[in-house]
Amino acid sequence: MTSSPAAPDPAPRPVGARGDLFDPLCPTRRLLDRIGTKWTSMVVKVLAEADPAEVRFAELRRRMPGVSQKMLSATLQSLSRDGLVARRVEPTVPPRVHYRLTPLGLSLDAPLAAVRAWAEQHMPEIDRANQAADDSAANQNDADRNDEQ
């Protein structure tokens, strides 16, 4: 039994190469997934407002209603790994952990602020569109039930 050779791996992307969002293998997609979350947007906003000061974990959590400790920790780890957030630990008991945006992280604040502003400005329109879609679906369901009778 012979097997056909496996398809060759795509050429590795050179470090520092510009991404291509439409390439399924492009890491830009993963990055957009990470920076496009509400928690990332909130962390960047809180840290940008504090810049150049640092913000402790507990303060970040207080300023971000609804975020769990686990989600905030995962978000901060991801942002730190991407070089957007710097983390400093004081060797106390318990340890005090401080966060601040790096220059790269600060450069993300303006684009995220624009998206946040757009969302806040257009939320009433989005709500109306959702309500209209819900009403249309309900009316269609009512019509379907009447046809069945």
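1. The model is a predicted one. G105 is found in helix α5, which covers residues 103-148. Is G105 buried or exposed? At 0% relative accessibility, G105 counts as buried, because buried means under 20% relative accessible area. L84 is 21 residues away from G105 in sequence, yet the two C-alpha atoms are 4.0 Å apart in space.

2. The overall layout comes next. The protein chain has five helices and three strands. Along the sequence these elements follow the pattern α-α-β-α-α-β-β-α. The chain has 149 residues, and 22% of them count as buried. Its accessible surface comes to about 11,100 Å², with 56% of that belonging to carbon and sulfur atoms. As for contacts between residues at least 6 apart in sequence, 44% join residues at least 24 apart.

3. The strands form an open sheet of three, in the order β1-β3-β2, with antiparallel pairing. Which strands lie at the edges? They are β1 (55-56) and β2 (85-90), and each of these pairs on one side only.

4. The pairing of β2 with β3 can be followed residue by residue. Strand β3 spans residues 96-101, and six bridges join β2 to β3, the two running antiparallel. V85 has L101 in β3 as its bridge partner. V89 stands opposite V97 in β3. E90 has R96 as its bridge partner in that strand.

5. The bond from V93 to P94 is cis, with omega near -10°. P94 is found in the loop between β2 and β3.

6. On the β1 side of the sheet, how many bridges join β1 to β3? There are two bridges, and β1 and β3 run antiparallel. V55 stands opposite Y99 in β3.

7. P52 lies in the loop between α2 and β1.

8. Two packed helices are described by the angle between their axes and the distance between the axes. For α2 (residues 38-50) and α4 (residues 69-81), the angle is about 70° and the axes are 10 Å apart. That makes α2 roughly perpendicular to α4, because angles of 65 to 115 degrees count as roughly perpendicular.

9. Which residues make this helix contact? From α2 come W39, T40 and V43, and from α4 come M71, L72, T75, L76 and L79. The residues of the contact of α2 with α4 divide into six nonpolar and two polar, with no charged residue.

10. The last point concerns the part of the chain ahead of the helices. L21 lies in the segment before α1 (28-35). With a relative accessible area of 38%, L21 is partly exposed. Leaving aside neighbours within four places in sequence, L21 is in contact with T28, R29 and L32. L21 and L32 are 11 residues apart in sequence, and their C-alpha atoms are 9.1 Å apart in space.

Key: Residues numbered from 1 in each chain as written. Predicted model: local features only at pLDDT ≥ 70, side-chain atom pairs only at ≥ 80, totals over all residues. Heavy atoms only, no water. Axes fitted to C-alpha atoms, helices over the stretch in contact; angles between N-to-C directions. Helix = DSSP H or I, 4+ residues; strand = E, 2+ residues; numbered from the N terminus. Parallel < 35°, antiparallel > 145°, perpendicular 65-115°, else oblique. Contact = heavy atoms within 4.5 Å. Nonpolar A, V, L, I, M, F, W, Y, C, P; charged D, E, K, R; others polar. Buried < 20%, exposed > 50% of the residue type's maximum accessible area, 1.4 Å probe, protein only. Areas by Shrake-Rupley, 256 points an atom, 1.4 Å probe, with all protein chains shown as cover. Pairing = 2+ DSSP bridges.
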